[in-house]
Amino acid sequence: MKKLLAIGLCVISVMGLIACGNTKTNEKNPDTENKTETVTNEETDKKLSPSIQEMVDGNIKKMEWKDFAVSIDDKTIELPVKSIWLYQIGFSEMKLGEHAHGIEKGKTMKATTTYGDCEFEVELSNLYNRDGSMPIKECSVIGFTIKDVSKLKDCDFDIVLPGGIDLFDCTEEKLTDIYGEPSKKDGKTYQWVEKDGMSLEITMKNKKTIKSVTIKNNVQE
C-alpha cells in the first residue's frame, strides 16, 4: 500500500513538473514572437534604407541636367522614383481623383503632392507595365513640375537643380554655362533632351528669373 502511495505521489509530481514546463514555454512564446517581429522589421528597414539613402544623399551640385534630379530640403530625388519613397521622405499622399485608386497598364496620370506647405505637380506611371491596375504607392513618379517658382519663395527649405542651380537666383546665361546650349528653345522656354521621354524644361520669366521647371524621365529603373 505504501509502495502504491509512493508511486502515486511520484506520478503527481511528474505531471506537475510537466505542467509547469508547458506554462513557462507558453509564457516565453509571446516574447519570442515579438522578438521575431522586431528582427523582421529591422531587416526590412535595412533593406529599404540603402535605396532611400542612395536617393536622398546624391550631391546635386555635381550632377548634370541628364541626371533628371532635383534637391528639395537637401534631399536629392532622381527620376523615375517610386511614390512610396517620396512618402517616406516627407511628401504628402498623391491623389488622382475621387474614384481613381491606381493606374492601368501602360497609362500615366498627373497628380499633386506637397512638401511642407509647398505644392508640386507629378506625373505617375504604371512604368513596369504590370497587368491590371497598380496602386499609386507602387507607381513611379516620372515627371516633376514646379509651375510657378515665385510661389515657393516662402517655403522654408532650399530647392536646387543639377549643377547647383538655385531656382531663385539664376540667369539665362548661367543656365547655358552649366547645361550647355539647349536641344530646343521656344521663346523663353529652354529644353534639354536626352531622348524621347527624358528631358529638362525651364521657362524663364525674364533673363534673370526662372518661372517654371519640368523634369521628366520615363526610362525604367
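How many helices and strands does the secondary structure of the protein come to? The count is 3 helices and 14 strands, where helices (H or I, at least four residues) and strands (E, at least two) are DSSP runs numbered from the N terminus. This is a predicted model, in which local features need pLDDT of at least 70 and side-chain atom pairs count only at pLDDT 80 or more, while totals for chains, interfaces and linings use all residues. Residues are numbered from 1 along each chain as its sequence is written, and side-chain values use heavy atoms, with hydrogens and water left out.

**View 1. The largest pocket and its lining.** Here you can find the lining residues Thr112, Asp117, Cys118, Glu119, Phe120, Glu121, Thr145, Ile146, Lys147, Asp148, Lys151 and Leu152. A pocket is an open set of points on a 1 Å grid over the protein atoms alone, where a 1.4 Å probe fits, with protein on both sides within 12 Å along at least five of seven lines; lining residues have an atom within 4 Å of a point. Strand 6 (118–125) and strand 8 (140–146) each supply at least two lining residues, and strand 6 gives the largest share, with 4.

**View 2. Ile202 and the largest nonpolar core.** This core has 45 residues, and Ile72, Phe120 and Ile202 have the most contacts inside it. A nonpolar core is a set of buried Ala, Val, Leu, Ile, Met, Phe, Trp, Tyr and Cys residues joined through side-chain atoms within 4.5 Å; buried means under 20% relative accessible area, exposed over 50%, and partly exposed in between (1.4 Å probe, protein chains only). Beyond four places in sequence, the contacts of Ile202 (heavy atoms within 4.5 Å) include Leu161, Tyr179, Trp192 and Val213.

**View 3. Ser83 in helix 2.** Look for Ser83 in helix 2, which covers residues 83–88. Ser83 counts as buried because its relative accessibility is 0%. Leaving out residues up to four places away in sequence, Ser83 touches Met94, Leu124, Ile136, Lys137, Cys139 and Val141. From C-alpha to C-alpha, Ser83 and Val141 are 6.0 Å apart, though 58 residues separate them in sequence.

View 4. Asp73 and Asp74 lie in the loop between strand 1 and strand 2. Asp73 is not a glycine, yet has a positive phi of about 60°; phi of Asp74 is also positive, near 65°. Asp73 is partly exposed at 28% relative accessibility, whereas Asp74 is exposed at 65%. In the loop between strand 2 (75–78) and strand 3 (81–82) sits Pro80, and the peptide bond from Leu79 to Pro80 is cis, with omega near -5°.
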